[in-house]
Amino acid sequence: MELTSKQRAYLRSLSSQIEPIFQIGKASLTPEIVEAVNNALEKRELIKVSVLKNCFDDPGELADTTSERTHSAVVQVIGKKFVLYRPSRKHPKITLPEKSGKKQADKKG
């Protein structure tokens, strides 16, 4: 799932108001965490995950792996936290800004 920079910025602004609902610790990314994140994405669409200090995996890599396994998009990774987005299949709540069909040409003057 690809997001435009405008969509990513919009989701970042929404995510600044939410608290992490999952913590990844020493056991790293377990199938149980992936399943729980998947369920939370279906209900909430936008979630924040915190990586604890005792987890030695890179938060960026954990975000990428989690997004692959849950078919979601990484909105951002800041320090030991990352934000994921996936529209709900049954009850979508978040309306993203439209993707523009045309890319603007660079104007050099």
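Which residues have the most contacts inside the largest nonpolar core? They are Ile24, Val37, Ile47, Leu62, Phe82 and Leu84, in a core of 17 residues. A nonpolar core is here a set of buried Ala, Val, Leu, Ile, Met, Phe, Trp, Tyr and Cys residues joined through side-chain atoms within 4.5 Å.

The model is predicted: local features need pLDDT of at least 70, side-chain atom pairs count only at pLDDT 80 or more, and totals for chains, interfaces and linings use all residues. Residues are numbered from 1 along each chain as its sequence is written, and side-chain values use heavy atoms, with hydrogens and water left out.

**Sheet and helices**

Helices (H or I, at least four residues) and strands (E, at least two) are DSSP runs, numbered from the N terminus. Four strands form an open sheet of mixed pairing in the order E1-E2-E4-E3; two strands pair if DSSP finds at least two bridges between them. Strand E1 (22–24) and strand E3 (73–78) are the edge strands, each pairing on one side only. Strands E2 (residues 46–51) and E4 (residues 81–85) run antiparallel and are joined by 5 bridges. Valine 49 stands opposite phenylalanine 82 in E4. Helix H1 lies across E2, E3 and E4, at about 60° to E3; axes are lines fitted to C-alpha atoms, for helices over the stretch in contact, and angles run from 0 to 180 degrees between N-to-C directions.

In soluble globular proteins, nonpolar side chains tend to be buried together. The core of 17 residues draws at least two residues from each of E1, helix H2 (31–44), E2, helix H3 (59–70) and E4. H2 gives the most, with 5 residues. Apart from this core lies another, of 9 residues, including Leu3, Leu11, Tyr85 and Ile94. Leucine 62, neighbours within four places in sequence aside, is in contact (heavy atoms within 4.5 Å) with Ile24, Ser28, Leu29, Val51, Cys55, Asp57 and Phe82.

**Residues with positive phi**

Most residues other than glycine have a negative phi. Serine 28 and glutamate 45 have positive values. Buried means under 20% relative accessible area, exposed over 50%, and partly exposed in between (1.4 Å probe, protein chains only).

Alanine 9, in helix H1 (residues 5–15), counts as partly exposed because its relative accessibility is 35%.
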